[in-house]
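Here's a quick briefing for anyone meeting this protein for the first time. Have a look at the sequence and the model, then read on.

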Amino acid sequence: EHDINNLPHYEKIIEKSNGQKNEIYHLYWSGNQWIIHQDIDQSSNIDNMLAYAKVKVKHPLDTSRSWFVKTGKSFESALNVIISVPGTEKSALQTNDTNEVDKPQVEEIFGIPKRLLPLYLSFMLDSIAVGMAMPLLPFYVMELGAKAFQLSVVVSSNYVVQMFGCIIMGQVSDRIGRRFVLLSCLLASSLSYFFVSRSTTLLGVMLARTIAGSCGGLVPVMQTCVADISNNKEKPKYLGRITATFGLGFVLGPALSALLPGLSTREKIRVSALLPFLGFIISLIFFKETKTFTN
């Protein structure tokens, strides 16, 4: 049906027993958002508005999943509201909590999702590389003649670029998929360590460090993949194990470095470049995309 403004309009009649008056609720598409109202004309009485979409969109079937529902005189975030457009398979409103409930419990191995085992393993290898190379970086840079300020610039260059890399790769992740971003991060990390080990100038080391930062880092990808496959109950557990994985890798990195006493600082950094590349091979072969694409 359509309302007086020739916009989509649906009615829900709640039948009452014992002679009580039936309740009628109206769902309107205002042209840029959905509104749930008690009146047939949504503009007649603002006090009778019951819920509305938080984010405005262009098409009714692409409505935001973030809604506010009236509680007393204020509106609070919806937790369990489901509104479906008649005659279609796509929900006009489906909250994040509803989606999370629909996600089945994931199969685990070693306390982590079996589906994400290649991801955690690749992240572990990259973390070992960080633990191996980062303690050596100040000594390596000082061997090239760096002072305290120059050392801080070289170390921070990766994180400065990473601020922008996270934003860009986050959009790429939503458009192309998590797997592409994961592989890009691992390959960039490997190339970064390799070019650091080959650099003979401070500028070269700084530019090599920015290669890894340009892809935004692995932690955001890890968190997104966990969110893709786990429900709200399991999510904190798996997110916590991302930090645990990084911590373990950062412990194993210096230990591995200590087991290679015959290698120079430059050679140890070059060895660390092999670890994320190994993670790249593992993810390339075994990791499957976690993002679900819809038309």
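Phe110 sits out in the open: its relative accessible area is 75%, so it counts as exposed (exposed means over 50%, buried under 20%, partly exposed in between, using a 1.4 Å probe and protein chains only). Keep in mind that this is a predicted model, where local features need pLDDT of at least 70, side-chain atom pairs count only at pLDDT 80 or more, and totals for chains, interfaces and linings use all residues. Residues are numbered from 1 along each chain as its sequence is written, and side-chain values use heavy atoms, with hydrogens and water left out.

**More on Phe110**

- You'll find Phe110 in the loop between β9 (108-109) and β10 (112-113).
- Phe110 isn't a glycine, yet its phi is positive, at about 60°.
- For background, most residues other than glycine have a negative phi.

**The whole chain**

- The protein chain has 9 helices and 10 strands; these are DSSP runs numbered from the N terminus, with helices being H or I of at least four residues and strands being E of at least two.
- Of the 295 residues in the protein chain, 42% are buried.
- Take the contacts in the protein chain with a separation of 6 or more: 61% of them are between residues 24 or more positions apart. A contact here means heavy atoms within 4.5 Å.

- Helix α4 covers residues 148-175, and Ser157 is part of it.
- With 28 residues, α4 reaches 41 Å from its first C-alpha to its last, close to the 40 Å expected at 1.5 Å a residue (the expected span is 1.5 Å times one less than the number of residues).
- α4 has a kink of about 40°, centred on Ser156; the bend at a residue is the angle between axes fitted to the seven residues ending there and the seven starting there.
- Ser157 has a relative accessible area of 8%, so it is buried. Leaving out residues up to four places away in sequence, Ser157 touches Met206, Arg209 and Thr210.
- The buried residues of α4 include Leu151, Val154, Gly165 and Met169, and the buried residues of this helix pack against α3 (137-143), α5 and α6 (202-213).
- After α4 comes Gly177, with a positive phi near 135°.

**Nonpolar cores**

- In the largest nonpolar core, which has 25 residues, Leu116, Leu119, Tyr120 and Leu182 touch the most other members. A nonpolar core is a set of buried Ala, Val, Leu, Ile, Met, Phe, Trp, Tyr and Cys residues joined through side-chain atoms within 4.5 Å.
- The elements giving two or more residues to this core are α2 (117-133), α4, α5 (178-198), α7 (218-229) and α8 (235-258).
- Another core of 23 residues lies apart from that one, and Met124, Leu136, Val154 and Val196 are among its residues.
- Setting aside residues up to four places away in sequence, Leu119 touches Leu182, Met222, Cys225 and Phe287.

- Val226 lies in helix α7, and its relative accessibility of 1% is why it counts as buried.
- Beyond residues up to four places away in sequence, Val226 touches Leu116, Tyr120, Lys235, Tyr238, Leu239 and Ile242.
- Val226 and Ile242 are 16 residues apart along the chain, with 9.3 Å between their C-alpha atoms.
- Lys235 belongs to helix α8 and, at 17% relative accessibility, counts as buried.
- Phe246 is also found in helix α8, but at 33% relative accessibility Phe246 counts as partly exposed.
- Leaving aside neighbours within four places in sequence, Phe246 is in contact with Phe123, Ser127 and Val130.

**Paired strands**

- Strands β3 (residues 34-37) and β4 (residues 49-53) pair in the antiparallel sense over 3 bridges; strands pair if DSSP finds at least two bridges between them.
- His37 has Met49 in β4 as its bridge partner.
- β4 also runs antiparallel to strand β5 (residues 67-71), joined by 3 bridges, and Tyr52 stands opposite Phe68 in β5.
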